[in-house]
Amino acid sequence: TKPAAVELRDRSYSRTLILAPHADSLPVVTLAAPAHDTVVRTPKGMLQLAADASDDYGLGAAWFEYIISSGEGETFTFKSGVVHRVDEGNARTAKLTGALNLDSLQLKPGDLVHVRAVAHDRNNVTGPGVGVPETRTLRIPRASESDSIALKGAPPPNVDSPQPGPRTLTR
């Protein structure tokens, strides 16, 4: 874990090597698509997925995960799955693409779909490192939710009271 000197000798020849190990970093993963959290009124078609992954020594496997949460109040159910798992073959960088079929998920109003990309490195000394980016959420609104925002208006100012205004300083 600390730098050390190693001396190698062969007959009258010698060489000193400095071994300075550094810890393996976790894979870095960036989710490119979907770019933002989204509200979808009609969950149909394909949700395109894209991510970039990199690791200092090499990537093992990468994939997309999703979790669907359904319900309200105190009753919730969860389903999860994996989309497009690939072996990266020790590459240092990788582009991951896939698509999530929203029709096959049987989403209902009020459901939330959480999507993220995951990458493992090939660290076989201290165990594989796992890199994940921020999770993106796809929300299916309930019928009772509307697109408008209700704001409570402020009362008009009292015109009979003096309003603070610019002041003049005199000596």
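# An all-strand chain: patch, pocket and salt bridges

L8 is found in strand β1. This is a predicted model: local features need pLDDT of at least 70, side-chain atom pairs need 80 or more, and totals for chains, interfaces and linings use all residues. Residues are numbered from 1 along each chain as its sequence is written, and side-chain values use heavy atoms, without hydrogens or water.

**Fold**
- The chain has 11 strands and 0 helices. Both are DSSP runs numbered from the N terminus (strands: E, at least two residues; helices: H or I, at least four).
- Read from the N terminus, the order of elements is β-β-β-β-β-β-β-β-β-β-β.
- The chain counts 171 residues, and 29% of them are buried. Buried means under 20% relative accessible area, exposed over 50%, and partly exposed in between (1.4 Å probe, protein chains only).

**A buried contact across the sequence**
- A117 belongs to strand β9. A117 is buried, at 1% relative accessibility.
- V29 and A117 are 88 residues apart along the chain. Their C-alpha atoms are separated by 7.1 Å.

**Nonpolar surface patch**
- V6, L8, L17 and L19 make a nonpolar surface patch of about 310 Å². Patch residues have over 30% relative accessible area and no salt bridge; nonpolar side chains (Val, Leu, Ile, Met, Phe, Trp, Tyr) are joined within 5 Å, like charges within 9 Å.
- Two strands each supply at least two residues of this patch: β1 (4-10) and β2 (13-19).
- How accessible is L8? L8 is partly exposed, with a relative accessible area of 44%.

**Largest pocket**
- The largest pocket has a volume of about 320 Å³, counted as the space filled by probe spheres on grid points joined across faces, edges and corners. A pocket is an open set of points on a 1 Å grid where a 1.4 Å probe fits, with protein on both sides within 12 Å along at least five of seven lines; lining residues have an atom within 4 Å of a point.
- The lining holds 15 residues. Closest to the pocket centre are H22, D24, Y57, N123 and V125.
- The lining divides into 7 polar, 4 nonpolar and 4 charged residues. Asp, Glu, Lys and Arg count as charged; Ala, Val, Leu, Ile, Met, Phe, Trp, Tyr, Cys and Pro as nonpolar; the others as polar.

**Salt bridges**
- The structure holds 8 salt bridges (a side-chain nitrogen of Lys or Arg within 4 Å of a carboxyl oxygen of Asp or Glu).
- One of them joins the side chains of D87 and R122, at 2.8 Å from N to O. D87 lies in strand β7 (residues 75-87) and R122 in the loop between β9 (112-121) and β10 (130-131), so this pair ties together parts 35 residues apart in sequence.
- D87 is exposed, at 59% relative accessible area. R122 is partly exposed, at 41%.
- D10 and R11 also form a salt bridge, with their closest N and O atoms 3.7 Å apart. R11 is exposed, at 72% relative accessibility. D10 is partly exposed, at 41%.
- E134 pairs with R136 in a salt bridge, and the closest N and O atoms are 3.8 Å apart. E134 counts as exposed, at 62% relative accessibility. R136 counts as buried, at 14%.

Conventions
Areas by Shrake-Rupley, 256 points an atom, 1.4 Å probe, with all protein chains shown as cover.
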